[in-house]
Amino acid sequence: MKYSIIIPCYKSSHTIRQMVELTRKEMIDLGRTPFEMILVDDFSPDSGATVAELRALADEYEDVTAVELARNAGQHNAIMAGLHYAEGDFIILMDDDMQTHPSQLPPLLAKFDEGYDVIYGYYPDKKHSAFRNFGSWVNYTTVRLLIGKPKDLRTSSYCLMRKYVRDNIIQYPAQYSHMQGLVLRTVAPAKIASVPIQHFERAYGTSNYSLKKLISLWSNIAGFSTVPLKITRRFGEFLSLIGILGMIWLIIRKIFQSTQILGWTSTMMAIIFFSGVILITLGVVGEYVGRMFLTIGNYPQFVVREVYRGADRNENEKN
């Protein structure tokens with residue numbers, strides 16, 4: 001049995017070597033061999049420092065493969081790129097910042113050996129900022145409401161899965177990847193488990209997730225659910241009912257009261273409000289249509305610039 005360890009990298013030249021070396025040591029000490037490590041550079045804006053470090057690691061270790069993307073694709077699409085190159089029977093997903101620490105592999109692997117198809121590590125005590133923790137809560141709530149994530153299932157980017165899960169995930173053609181959505185649509189909840197693990201401080205720098213990136217990732221969940229469309233429809237039905245009741249009330253008031261009803265302000269406010277509702281509804285529908293258009297047009301999840309397996313291995317492949 002072979003393990004594939006996938007690590008998406010973004011401005012990680014200061015941490016990735018330590019991450020790789022500690023992970024290799026942990027896997028060897030645990031007797032979890034053979035294994036491969038697939039490091040995916042997500043077009044890091046650091047003048048090639050991350051790519052250079054990944055290539056150096058690929059040169060040094062035969063079990064390391066570096067995948068360089070031609071443009072920034074986002075963390076989940078970078079993971080998708082790594083999954084396409086994974087050859088193992090078991091897949092391990094980790095981060096590059098030392099927060100998904102290699103020392104936490106033993107409890108994850110032990111739970112995995114119980115026969116589950118997917119194992120998530122979760123953090124009882126997160127070392128994130130209040131903003132990131134709030135974003136995590138929003139993501140957790142949204143996934144649970146939109147795609148039926150079990151209430152007792154806690155997740156993170158630290159994940160183990162079987163090969164058949166990986167084989168099904170990489171068939172997803174759209175640009176808007178979301179790993180939890182892909183896993184939950186592939187695996188029965190009874191075959192997914194989570195294990196409490198320790199969350200470590202970032203070894204270097206700060207989180208690369210801005211508010212814009214968090215919102216973009218959060219919106220990708222919509223690609224796995226029609227709930228937003230159903231909500232807008234229900235809201236439209238509710239407003240229509242309110243409008244009908246309001247008209248009946250105005251007619252009755254007109255019949256039984258001789259005074260004229262003056263309502264220019266309220267009429268204008270109602271027009272503005274309902275115009276906003278219409279635009280929001282069109283925006284939700286348009287988002288779905290736009291994503292369908294990009295998917296039909298084969299807009300790529302990622303573009304690979306180069307795959308680097310070390311000078312000797314690259315030469316052998318050419319021969």
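**Cysteines, cores and rings**

User: How many disulfides does the count come to?
Analyst: A disulfide is a covalent bond between the sulfur atoms of two cysteines. The cut-off here asks for a pair of cysteine sulfur atoms within 2.5 Å. By that rule, the number of disulfides is 0.

User: What kind of model is this, and from where are residues numbered?
Analyst: It's a predicted model, where local features need pLDDT of at least 70 and side-chain atom pairs count only at pLDDT 80 or more, while totals for chains, interfaces and linings use all residues. Side-chain values use heavy atoms, with hydrogens and water left out, and along each chain, as its sequence is written, residues are numbered from 1.

User: Is C159 buried or exposed?
Analyst: Buried means under 20% relative accessible area, exposed means over 50%, and partly exposed is in between, using a 1.4 Å probe and protein chains only. C9 has 1% relative accessibility, so C9 counts as buried. C159 comes out at 2%, so this cysteine also counts as buried.

User: Which residues touch the most other members of the largest nonpolar core?
Analyst: A nonpolar core is a set of buried Ala, Val, Leu, Ile, Met, Phe, Trp, Tyr and Cys residues joined through side-chain atoms within 4.5 Å. The largest one has 36 residues. Those touching the most other members are L83, L93, V118, M161 and I169.

User: Which helix gives the largest share of this core?
Analyst: Helices are DSSP runs of H or I with at least four residues, strands are E runs of at least two, and both are numbered from the N terminus. The largest share is 5 residues, and it comes from the helix spanning residues 75–85. That helix is mostly covered, with 8 of its 11 residues buried, among them H76, M80 and L83. The helix is α3.

User: Which residues is I169 in contact with, leaving aside neighbours within four places in sequence?
Analyst: Contact here means heavy atoms within 4.5 Å. With those neighbours set aside, the list for I169 is M80, L83, M161, M179, L182, V183 and T186.

User: How many aromatic pairs turn up in the whole structure?
Analyst: Rings of Phe, Tyr and Trp (its six-membered ring) pair if their centres lie within 6.5 Å; planes under 30 degrees apart are stacked, over 60 edge-to-face, and the rest tilted. Searching the whole structure with that rule, the number of pairs is 2.

User: What is the geometry of the Y3 and F90 pair?
Analyst: Y3 is in strand β1 and F90 in strand β4, 87 residues apart. The ring centres are 5.3 Å apart, with 35° between the planes. That pair is tilted.

User: Why is the F90 and F112 pair called edge-to-face, and at what angle are the planes?
Analyst: F90 is buried at 13% relative accessible area, and F112 is buried at 3%. Their ring centres are 5.5 Å apart. The pair is edge-to-face because the planes are at 85°.

User: Which residue lies over the face of F112?
Analyst: A charge sits over a ring if NZ of Lys or CZ of Arg is within 6 Å of the ring centre and within 35 degrees of the ring normal. The distance to the F112 ring centre is 4.7 Å. The residue is R162.
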